[in-house]
Every structure is written in structure tokens, then in C-alpha cells.
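Visitor: I would like a close look at one part of this model. Please take me through how that part is packed.

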Amino acid sequence: MFIAIAQPAVEPIGPDPVAVPYAPRVHDLKPRALHALLLANAAQRRLRGLERKRADRPEDAAYWLHAAPVAVKKACALREERSFAPLP
């Protein structure tokens, strides 16, 4: 049986609409916008890890707390690659 989905059940809210199914892709982000998005992503991962730790879910907490530095490393690599103005 085929069921066509006309409207997505979840509407994107916030800076990451691509994470929602059927959301439009964000194309050609400027380097500073992508850098900010990566840092926001790292902060969200860290908060999610702390939330899981408080909920006594150590395996989930470990995953999210180890995933946060990956986004920071990507942001640092982007900064080096695009040669932003140095931070004060």
C-alpha cells in the first residue's frame, strides 16, 4: 500500500532546518555562518550530553560528550581553511 506524504509532520525551527525530514536544504552558507552553525551544533551536543548524564544514561552521555569536540574541530579547520580575520 502506497501512502503519499503531502506535508511534513515536523516544521523546522531554529538554525538547523536540514535536520528535519523533508526540509529544504540550505545551500551556499557563507563561511562565517557555517562556522557559527558548527559552534552552535557543538554547544547543543554538549548540552544534550549533560542532559543524558543527569538522566542516568551514561552510554548516551558519553556519545554526545565525545561528539561535541568533533564539531569544534570542524569549525577550527574551516577557520584555517577560509583564513578568517584573527580573533582578538
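Guide: Start with a definition: buried means under 20% relative accessible area, exposed means over 50%, and partly exposed is in between, with a 1.4 Å probe and protein chains only. At 40% relative accessibility, alanine 43 therefore counts as partly exposed. This is a predicted model, where local features need pLDDT of at least 70, side-chain atom pairs count only at pLDDT 80 or more, and totals for chains, interfaces and linings use all residues. Residues are numbered from 1 along each chain as its sequence is written, and side-chain values use heavy atoms, without hydrogens and water.

Alanine 43 lies in helix 1. Helices here are DSSP runs of H or I with at least four residues, strands are E runs of at least two, and numbering goes from the N terminus. The protein has 2 helices and 0 strands.

Now helix 1 itself. Its 24 residues reach 35 Å from first C-alpha to last, close to the 34 Å expected at 1.5 Å a residue. That expected span is 1.5 Å times one less than the number of residues. His35, Leu38, Ala42, Gly49 and Arg52 are the buried residues of helix 1. Their cover includes helix 2. Just after helix 1, aspartate 56 takes a positive phi of about 60 degrees.

Next, the partner. Helix 2 has 25 residues and reaches 37 Å between its first and last C-alpha, close to the expected 36 Å. Buried in helix 2 are Ala61, Ala67, Ala68, Ala71, Ala75, Leu78 and Arg79. These buried residues pack against helix 1. Contact means heavy atoms within 4.5 Å.

How do the two helices meet? The axes of helix 1 (residues 31-54) and helix 2 (residues 58-82) come within 7 Å and cross at roughly 165 degrees. That makes helix 1 roughly antiparallel to helix 2. Angles over 145 degrees count as roughly antiparallel. The axes are lines fitted to C-alpha atoms over the stretch in contact, with angles from 0 to 180 degrees between N-to-C directions. The residues of this contact divide into 16 nonpolar, 2 polar and 9 charged. Nonpolar covers Ala, Val, Leu, Ile, Met, Phe, Trp, Tyr, Cys and Pro; charged covers Asp, Glu, Lys and Arg; the others, Gly among them, are polar.

Back to alanine 43. Its C-alpha is separated by 9.0 Å from that of valine 72, 29 residues away along the chain. Across the protein, 39% of contacts between residues at least 6 apart in sequence join residues at least 24 apart. Buried residues make up 18% of its 88 residues.

Terms used
Parallel < 35°, antiparallel > 145°, perpendicular 65-115°, else oblique.
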